[in-house]
Amino acid sequence: MIRIGIVGLGKIARDQHLPAIAESADFVLAATASRNARAEDVAAYADLDAMLAAEPDLHAVALCQPPQVRHAAARAAIAAGKHVFLEKPPGATLSEVEDLADAAAQARVTLFASWHSRFAAGVEPARAWLADKAIERIAIEWKEDVRQWHPGQDWIWQPGGLGVFDPGINALSILTRLVPGPVRLEEAQLAFPENREAPIAATLAMRTSAGAPICATFDWRQTGRQSWNIEVKTDAGVLLLADGGNTLLIDGAAQALPGEAEYPSLYAHFARLIAERRSDVDVSPLRLVADAFLTGRRSSTDAFHD
Ligand code: NAP
């Protein structure tokens, strides 16, 4: 069993990491490091340094804090010889993720930059169906209510927190898995609330390497029905990945999907990487977000209050 410690016991650690580790045949939760929270019946430390000092037998850590503090934590864990699972996005900048990949290679530990949406049940079947089709255009609609999904998360509105790209990058992680070759950003529009440092809405125009247009609309002001959809029009029909990748329809017909859930699959993949002494660090979704910040036309919109 791989003895793992979780760092940053917030929403995703509680909702997904703790249950996935509890049911894993590969991992056992040995400790947590969080300033304001602890899990029952597990050694608890206030921070990663204290956990690393007191738990020399740890094999791995899962870093579930906000992206702005993840690089320093990952560097410390790698220096201590631990395998590292990074929540998405893998960092606040591209250069810091490259630094981590390099450090992990030198230390001969596994670095897993996870993209949980790529493990949604419909993604691999969709990729397989698309493999012999010509893609004509792609439309992405990722619209959710920030008050429902990110209440009180100040970090998400700060530089490096990504704003609406925090969910939007999940769509981009699926897109870059579905489409062969690199995706190129052509234009972006970003709407910033006048009192915040991250966008509440964004529109991206992209192209596949074969030239097919891709339009993505991300919006955090959606109330009522939430939409996490990717529609791909091909020369042989229309594929719709809905519910964040968990529902797959082809020409309107629902497809039977494997039953595995995202986080158990992520942990199974992490265990495989460790066994095979490999890392998995794909920054392509983060690169598209960085390009949108680099080139996007910015506008100011109504102030946002939680
Ligand atoms: P969260 O609820 O705010 O939890 C993050 C935890 O990290 C906090 O509870 C906090 O615990 C700790 N932390 C350490 N340094 C911090 C700092 N400087 N500022 C704020 N918190 C700090 O956030 P989350 O929703 O779990 O998201 C964490 C990461 O997981 C993000 O990268 C997010 O994109 C990703 N993720 C989230 C979801 C989701 O549905 N929420 C889904 C998939 C992935 P202590 O105060 O106890 O130290």
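Predicted model: local features only at pLDDT ≥ 70, side-chain atom pairs only at ≥ 80, totals over all residues.

**Ligand notes**

I began with Asp 166, where a polar side-chain atom lies 2.6 Å from an oxygen atom of the ligand.

Next I asked myself how much of the ligand the protein buries. Taken alone, the ligand exposes 870 Å², and the protein buries 80% of that.

I then checked Arg 70 and found one of its polar side-chain atoms 2.7 Å from a ligand oxygen atom. At Lys 88 I had to look at the backbone instead: a polar backbone atom there is 2.8 Å from an oxygen atom of the ligand.

Which residues are closest to the ligand? I listed 23 residues around it, and the closest are Ile 12, Ser 34, Asn 36, Arg 70 and Asp 166.

**Domain notes**

I turned to the chain as a whole, which is divided into domain 1 (2-113) and domain 2 (117-261 + 290-301). Their C-alpha centres lie 27 Å apart. For the contacts between them, I noted nine residues of domain 1 against 13 residues of domain 2.

Back to the ligand for a last entry: which domains supply its shell? Domain 1 and domain 2 each contribute at least three residues.

Definitions and conventions. Residues numbered from 1 in each chain as written. Heavy atoms only, no water. Near = heavy atom within 4 Å. Polar contact = N/O pair within 3.5 Å; in protein donor to acceptor, adjacent residues only side chain to side chain. Areas by Shrake-Rupley, 256 points an atom, 1.4 Å probe, with all protein chains shown as cover. Domains from an automatic or database assignment. Contact = heavy atoms within 4.5 Å.
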